[in-house]
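This report is meant for a reader who is meeting the structure for the first time. Please keep the sequence and the 3D view at hand while reading.

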Amino acid sequence: MTRGKRPAMSPAETEILRLVWQSQEATVQQVFDAMPPNRKVTYVTVATLLRRLEEKGYLKHHVRGKAFVYTPAAKKEDVIRRTIGDLVERLFGGNPVPLMQHLAQHSGITDEDIERLKELTKKK
C-alpha cells in the first residue's frame with residue numbers, strides 16, 4: 001500500500017490503531033490486553049484487525065521470536081487530518097465552521113479550550 005490515500009477504517013480498526021499509536025509497538029497479545037474490559041473482543045478478532053490495518057497501510061510488522069510486532073506505518077497527525085477533512089467535506093460541504101460550532105455546543109468545551117482555540121486562530 002502506498003503512503004497516499006489509504007482506505008477508510010472501521011470504528012474497531014480505529015480503536016486498534018489508536019492503541020498501537022499509544023504504545024508505538026505492540027504484539028497481538030499486548031493489543032488484546034490493552035482493550036477496555038467492557039469490550040468483548042476475541043484474540044482472533046484483534047489479530048484480524050491488526051492484519052487488516054497492515055493491508056490498508058496503517059501498520060507494519062516485524063517478527064520478534066514467534067510474535068508479530070506491529071508498529072505505525074501512518075502518522076497519527078496525517079490520519080487525523082485526512083479523516084477530519086473527509087468528515088468536514090461529507091457533512092458540511094468543506095466548511096469547518098459548522099463542525100466547530102457543533103463541538104462548542106455539544107462536547108463540553110471549556111472556557112480554557114476556547115481561549116486556546118482563539119490563540120490558534122490568531123496564529124493562522
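The text below takes up the sheet, the pockets, the aromatic rings and a few single residues in turn.

The model is a predicted one, in which local features need pLDDT of at least 70 and side-chain atom pairs count only at pLDDT 80 or more, whereas totals for chains, interfaces and linings use all residues. Residues are numbered from 1 along each chain as its sequence is written, and side-chain values use heavy atoms, with hydrogens and water left out.

**The sheet**

Helices (H or I, at least four residues) and strands (E, at least two) are taken as DSSP runs and numbered from the N terminus, and two strands are said to pair if DSSP finds at least two bridges between them. On these terms, three strands make up an open sheet with antiparallel pairing, and their order is β1-β3-β2. The strands β1 and β2 stand at the edges with a single partner strand each, so one side of each is left without a neighbour in the sheet.

Strand β1 (residues 26-27) is joined to strand β3 (residues 67-72) by two bridges, and the two run antiparallel; here threonine 27 has valine 69 of β3 as its bridge partner. Strand β2 (residues 59-64) pairs with β3 over six bridges, also in the antiparallel sense, and histidine 61 stands opposite tyrosine 70 in β3. Between β2 and β3, which form a hairpin, there are two residues, and glycine 65 in the turn has a positive phi of about 65°.

**The two pockets**

Rolling a probe the size of a water molecule over the atoms shows where empty space is left. A pocket is defined on a 1 Å grid over the protein atoms alone, where a 1.4 Å probe fits, as an open set of points with protein on both sides within 12 Å along at least five of seven lines, and its lining residues have an atom within 4 Å of a point. Grid points are joined across faces, edges and corners, and the volume is the space filled by probe spheres set on the points.

The largest pocket holds about 430 Å³ of space. Its lining has 15 residues, and those nearest its centre are Pro96, Met100, Leu117, Leu120 and Thr121. Two or more residues of this lining come from each of α4 (76-92), α5 (97-106) and α6 (111-123). Counting Ala, Val, Leu, Ile, Met, Phe, Trp, Tyr, Cys and Pro as nonpolar, Asp, Glu, Lys and Arg as charged, and the others, Gly among them, as polar, the lining of the largest pocket divides into eleven nonpolar, two polar and two charged residues.

The second largest pocket has about 350 Å³ of space. It is lined by 16 residues, with Met9, Thr14, Val79, Thr83 and Ile84 the closest to its centre. The elements that give two or more residues to this lining are α1 (11-23) and α4, and α4 gives the most, with eight residues. This lining divides into nine nonpolar, three polar and four charged residues.

**Aromatic rings**

Rings of Phe, Tyr and Trp (its six-membered ring) pair if their centres lie within 6.5 Å, and planes under 30 degrees apart count as stacked, over 60 as edge-to-face and the rest as tilted.

| Ring pair | Distance of centres | Angle of planes | Class |
|---|---|---|---|
| phenylalanine 32 and tyrosine 43 | 6.0 Å | 65° | edge-to-face |
| phenylalanine 68 and tyrosine 70 | 6.3 Å | 55° | tilted |

The pair of phenylalanine 32 in helix α2 (residues 28-34) and tyrosine 43 in helix α3 (residues 43-55) links distant parts of the chain, eleven residues apart.

Relative accessible area (1.4 Å probe, protein chains only) is called buried under 20%, exposed over 50% and partly exposed in between. Phenylalanine 32 is partly exposed at 28%, and tyrosine 43 is partly exposed at 39%.

**Single residues**

Valine 46 lies in helix α3 and is buried, with a relative accessible area of 0%. Its C-alpha atom is separated by 13 Å from that of proline 11, which is 35 residues away along the chain. Isoleucine 114, for its part, belongs to helix α6 and is partly exposed at 33%.
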